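Dear colleague,

Please find below the sequence and structure that I am handing over to you. My notes on what was found follow directly after.

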Amino acid sequence: RLHHLFEARCREIEAAGRGDQAAIDVGGEITGFVALERRASQMAQVLRQKGVRPGDRVGLILDRSMAAYAALISVLKVEAAFVPLDGKFPSERIRFIAEDAGIETFIVAGPWAGLVADIGVGVVTLDELAAQADAFAPEPDVGPVPELPADKLCYIIYTSGSTGRPKGVAVNHSSICNFVRVAAQSYGYRPGDRVYQGITFAFDFSVEELWVPLLAGATLVPSAADTQLVGRELTRFLTENRITGFCCVPTLLATMEDELDVLRLLLVSGEACPQDLDQRWHRPGRRMLNAYGPTEATVTATWTELQPDKAVTIGGPLATYTIAILETETNQLAEPGAVGEVAIAGVGLAVGYVNRED
């Protein structure tokens with residue numbers, strides 16, 4: 001399970017005598033790995049008391065506070081699946097997702113509580129969850145996880161709905177655990193890195209920002225702003241917070257000045273990266289990665305390290321993924337050099353679309 005990977009990392013950090021190693025830095029308020037894990041454990045007990053059970057679907061409309069990250073982990077600790085939404089979603093979209101995903105409970109940051117008040121499911125505000133967690137002692141860490149039953153659902157993320165009604169992509173623990181493991185090993189994050197977190201949880205690219213750095217022992221540095229920072233504001237935030245790792249879409253990167261001297265790992269994804277952007281941002285000592293993958297294949301399926309003197313491509317398969325190029329009409333393997341469709345195979349494939357077996 002995804003939270004077991006996080007718990008294992010916390011045990012390693014504590015055993016090494018670095019229990020206060022920073023996991024999250026929100027506006028200078030630092031929470032260590034062990035403290036974050038214990039806070040999530042307390043919140044999980046509150047959720048159980050409120051009737052959240054293994055297999056439930058829990059909707060999340062959260063900010064980027066320490067309590068929000070603990071709440072996300074707490075949902076996994078009760079063996080429930082999370083369904084992340086954005087507070088900027090129209091109310092009709094939120095209502096549709098709640099019904100389609102079978103959400104039983106929402107955890108909502110205060111400003112957005114009104115969005116789900118009349119949907120007819122349980123609602124727990126983030127402030128309420130944090131306050132009630134104080135009454136519980138953190139559950140003892142039982143160490144390595146015993147043999148578990150068959151794979152279980154971890155999360156459902158909804159597509160944009162650009163081709164009709166939104167489709168919920170259901171991803172199991174086996175898929176997301178596989179991805180964060182291989183990405184943490186491949187990307188090059190390390191303890192002591194400070195990684196910007198500014199993408200909404202409702203977009204699976206946030207996994208690149210959140211789980212991969214945490215599993216590598218790096219520190220998340222979220223923007224507390226309600227809106228995504230861009231341009232000079234974002235450049236200033238990354239500079240003032242000494243950000244060494246940054247994931248973004250190329251159009252966002254294009255709005256910024258490339259004067260981030262301490263930035264050593266830059267990952268772009270979500271859309272095609274122009275060659276001139278690669279050339280402008282590349283410098284000695286900085287690793288620039290280009291990643292590609294649909295939500296249906298668990299975040300990222302292909303990647304490459306960009307070089308300013310080489311053409312930008314989406315690279316080759318991430319470890320454990322398989323890529324084939326198929327003829328568009330026949331679905332047979334295309335000849336070398338021919339144009340075709342990218343086909344993806346491996347443990348990273350999602351379970352399917354919720355309520356859409358067709």
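**Salt bridges**

Aspartate 358 and arginine 356 form a salt bridge, with their closest N and O atoms 3.4 Å apart; the term denotes a side-chain nitrogen of Lys or Arg within 4 Å of a carboxyl oxygen of Asp or Glu. Please note that this is a predicted model, in which local features need pLDDT of at least 70 and side-chain atom pairs count only at pLDDT 80 or more, while totals for chains, interfaces and linings use all residues. Residues are numbered from 1 along each chain as its sequence is written, and side-chain values use heavy atoms, with hydrogens and water left out.

Aspartate 358 counts as exposed because its relative accessibility is 80%, whereas arginine 356 is partly exposed at 24%. Here buried means under 20% relative accessible area, exposed over 50% and partly exposed in between, with a 1.4 Å probe and protein chains only.

The structure holds 15 salt bridges. One of them joins the side chains of arginine 9 and glutamate 12 at 3.1 Å, N to O. Both residues belong to helix α1 (residues 2-15) and are three residues apart, about one turn of the helix. Helices (H or I, at least four residues) and strands (E, at least two) are DSSP runs numbered from the N terminus. Arginine 48 and glutamate 139 also meet in a salt bridge, at 2.9 Å, N to O. This pair links distant parts of the chain, 91 residues apart: arginine 48 is in helix α2 (residues 33-49), and glutamate 139 is in the loop between α5 (126-133) and β7 (153-158). Arginine 48 is partly exposed at 31%, and glutamate 139 is partly exposed at 33%.

**Aromatic rings**

Rings of Phe, Tyr and Trp (its six-membered ring) pair if their centres lie within 6.5 Å; planes under 30 degrees apart count as stacked, over 60 as edge-to-face and the rest as tilted. By this rule there are seven aromatic pairs. Tyrosine 187 and tryptophan 303 form a tilted pair, because their ring centres are 6.1 Å apart and their planes are at 50 degrees. This pair, too, links distant parts of the chain, with tyrosine 187 in helix α6 (residues 173-187) and tryptophan 303 in strand β14 (residues 302-305), 116 residues apart. Both tyrosine 187 and tryptophan 303 are buried. Elsewhere, ring pairs join Tyr196, Phe237 and Phe246 into a cluster.

**Strand β9**

Strand β9 (residues 194-197) is covered on both faces: Arg194 and Tyr196 on one side, and Val195 and Gln197 on the other, are all buried. Four bridges pair β9 with strand β10 (residues 219-222) in the parallel sense; strands pair if DSSP finds at least two bridges between them. Within this pairing, glutamine 197 stands opposite proline 222 in β10.

**Backbone angles**

Most residues other than glycine have a negative phi, and most peptide bonds are trans. Threonine 298 is not a glycine, yet has a positive phi of about 60 degrees. Threonine 298 lies in the loop between β13 and β14 and counts as buried, at 0% relative accessibility. Asparagine 355, likewise not a glycine, has a positive phi of about 60 degrees. Asparagine 355 is in the segment after β18 (352-353) and counts as exposed, at 57% relative accessibility.

Yours sincerely
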